[in-house]
Amino acid sequence: MLIRGGVGLGVILTAVWIYCLLDVIMADEHRIRNLSKATWVVIVLFTFEVGAVAWLVAGRPQGPARSLPYKGNAGYPEYDRPGRFVATNPDDDAEFLRKVRERAEAQRQEAKRQRAEREAAEERALEQERKRRLGHERPDETTDPQPG
């Protein structure tokens, strides 16, 4: 019975050692704590269970990998971010929505005005082009040759 317990413990410790060795090898070098990746590989490889426990305690990266390249992301979704302003009463939300509607309406009016200006400029350009073409097609009275 004692031998079975020793073998079982040996299998568990070997599995932990293999897990830690693979974890060190596959870990992102920039997220490993305290020592370089190569140093951790050597420690875990040659000190077996002691190195595996040291890796788990002092070297393994903590927390999930950050998807954003800057350090400001603490892993919070936008709506759970600490310090985010949240309206405490319905009047604040209504005021915000009113301002958003006013701004959207102002942007629509500005786009309408710009479109009208653009269309008017295009009409003027077309009219000038028509006048220019008509002017070239008609003989000019001042440049007619004099009889005689």
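Begin by selecting Arg130 and Glu127, whose side chains meet in a salt bridge with N and O 2.7 Å apart; a salt bridge here is a side-chain nitrogen of Lys or Arg within 4 Å of a carboxyl oxygen of Asp or Glu. Both residues lie in helix 3, three residues apart, which is about one turn of the helix; helices are DSSP runs of H or I with at least four residues, strands are runs of E with at least two, and both are numbered from the N terminus. Arg130 counts as partly exposed at 44% relative accessibility, and Glu127 also counts as partly exposed, at 35%. For these terms, buried means under 20% relative accessible area, exposed means over 50%, and partly exposed is in between, with a 1.4 Å probe and protein chains only.

Before moving on, note that this is a predicted model, in which local features need pLDDT of at least 70 and side-chain atom pairs count only at pLDDT 80 or more, while totals for chains, interfaces and linings use all residues. Residues are numbered from 1 along each chain as its sequence is written, and side-chain values use heavy atoms, with hydrogens and water left out.

**Colour by confidence**

Colour the chain by pLDDT, the predictor's confidence in each residue on a scale from 0 to 100. The protein chain averages a pLDDT of 80, and 70% of the residues score at least 70.

**Along helix 3**

Side chains of opposite charge can pair when their charged atoms come close. The structure holds 10 salt bridges, and the next one to display joins Glu105 and Arg108, at 3.0 Å from N to O. Glu105 and Arg108 are three residues apart in helix 3 and therefore separated by about one helical turn. Glu105 is partly exposed, with a relative accessible area of 33%, whereas Arg108 is exposed, at 52%.

Now select Arg98 and Glu95, which form a salt bridge whose closest N and O atoms are 2.4 Å apart. Because Arg98 and Glu95 are three residues apart in helix 3, which covers residues 90-137, about one helical turn separates them. Arg98 is partly exposed, with a relative accessible area of 35%, and Glu95 is partly exposed as well, at 33%.

Move to Asn34, in the loop between helix 1 (2-26) and helix 2 (37-59). Most residues other than glycine have a negative phi. Phi of Asn34, however, is near 70 degrees, a positive value in a residue other than glycine. With 62% relative accessibility, Asn34 counts as exposed.

**Phe48 and the aromatic pairs**

Next, select Phe48 in helix 2, where phi is again positive in a residue other than glycine, near 50 degrees for Phe48. Phe48 counts as partly exposed, at 43% relative accessibility.

Then show the aromatic rings: the structure holds two aromatic pairs. Trp17 and Phe48 form a tilted pair, with 5.4 Å from centre to centre and 45 degrees between the planes. This pair links distant parts of the chain, since Trp17 is in helix 1 and Phe48 in helix 2, 31 residues apart. Trp17 is buried, with a relative accessible area of 17%. In the pair of Trp40 and Trp55, the ring centres are 5.6 Å apart and the planes stand at 70 degrees, so the pair is edge-to-face. Rings of Phe, Tyr and Trp (its six-membered ring) pair if their centres lie within 6.5 Å, and planes under 30 degrees apart count as stacked, over 60 as edge-to-face and the rest as tilted. Trp40 and Trp55 are both buried.

**A nonpolar patch**

Finish with a surface display and select Ile12, Val16, Tyr19, Val53, Leu56 and Val57, which form a nonpolar patch with about 540 Å² of accessible area together. Patches are made of residues with over 30% relative accessible area and no salt bridge, with like charges joined within 9 Å and nonpolar side chains (Val, Leu, Ile, Met, Phe, Trp, Tyr) within 5 Å; accessible areas come from the Shrake-Rupley method with a 1.4 Å probe, and for residues only the protein chains shown count as cover. Helix 1 and helix 2 each supply at least two residues of the nonpolar patch. Val53, one of the patch residues, has its place in helix 2 and is partly exposed, with a relative accessible area of 49%.
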